[in-house]
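I opened the model to look up a few local features and kept these notes as I went along.

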Amino acid sequence: MKSKSAQKVRLTSYDDLFGTSGQDGEVITSVPIKLFHPFKDHPFRVVDDEKMQETVESVKKYGILMPGIVRPHPESGYEVIAGHRRWRACELAGLEEMPVIIRELDDDASTVIMVDTNIQREDILPSEKARAYKMKYEAMKHQGSKGERNTADLVGEAAGDSGRTVQRYIRLAELVQELLDYVDSSKIPMVVGEKLSYLKVGEQKWLVDAITDSGTFPTKEQAELLKERSEAENLTEDGVYAALVKKKSAKMNVTISEKKINSYFPPTYTKEQIEDVIYSLLDKWKQSEEGRA
């Protein structure tokens, strides 16, 4: 069901929010949500959390103020390009229809719009951004973007990320899910995750097992070591575990307070005399321990 308020936001608000040029003659159509299909490999979460509940309350009170974007699905109904959270809010609010703009778009154009309409959200996880940037990068290369660095710069433009940052996120997409989860939870820093992404899948699985067994997460230096050994084709499962749990040998320093030392010796004893007594007692203790062994 169309509304005048929806018509008012069709062009200006849509353009301002999504940063894409509106097409003349586009019409907002109210479509039954039962006809919707999610975007293939949609990288962004749709979670029934507190923010979703706020959206649901807004939908109940005001309706959907910003239409979604869909395209005809090859089998039936429509594939949602932009508006997955609004779609879920409509379900939770008990609405049967949602206002959308129907466009005829190819896969690459759809992917670019899907990423750009989600990438500026504040609650995006590193794994989501990694997959989204990879999808958009590949789509833009298919569209004819020339030059790896230039394409990466364009990919990050909507979120204000540099090309180098985009490339780092794309590297994260090469991590197995368990390691990506650790990056999402900040147990593995992004810079470490980037280096670990160069390990082969099997090697990453070894690392996941080693982390589980030891409860230790790799440092930047350990990640660099693993990467070097992987590239040299001499990384083994035992080598992964050894690199992870290896501790740097540290010199042991024992300090005894002067006050405590003086409590055992007469004031007339010199420093040399005190040391002689201590070393003599330690030698006797050592001989005693060796005898027991």
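I took a polar contact to be a pair of N or O atoms within 3.5 Å, where within protein one must be able to donate a hydrogen and the other to accept it, and residues adjacent in sequence count only if both atoms are side-chain atoms. This is a predicted model, in which local features need pLDDT of at least 70 and side-chain atom pairs count only at pLDDT 80 or more, while totals for chains, interfaces and linings use all residues. Residues are numbered from 1 along each chain as its sequence is written, and side-chain values use heavy atoms, with hydrogens and water left out.

**Entry 1, Gln204.** I found Gln204 in helix H11 (helices are DSSP runs of H or I with at least four residues, strands are runs of E with at least two, both numbered from the N terminus). The Gln204 side chain reaches the backbone nitrogen of Val176 at 2.8 Å. I noted Gln204 as buried because its relative accessibility is 1% (buried means under 20% relative accessible area, exposed over 50%, partly exposed in between, with a 1.4 Å probe and protein chains only).

Asp41, not a glycine, has a positive phi of about 60°; I located Asp41 in the loop between strand S2 (36-37) and helix H3 (50-62), where Asp41 is exposed at 56%. Ser186, also not a glycine, has a positive phi of about 65° and sits in the loop between helix H9 (177-184) and helix H10 (190-196); Ser186 counts as exposed at 62%.
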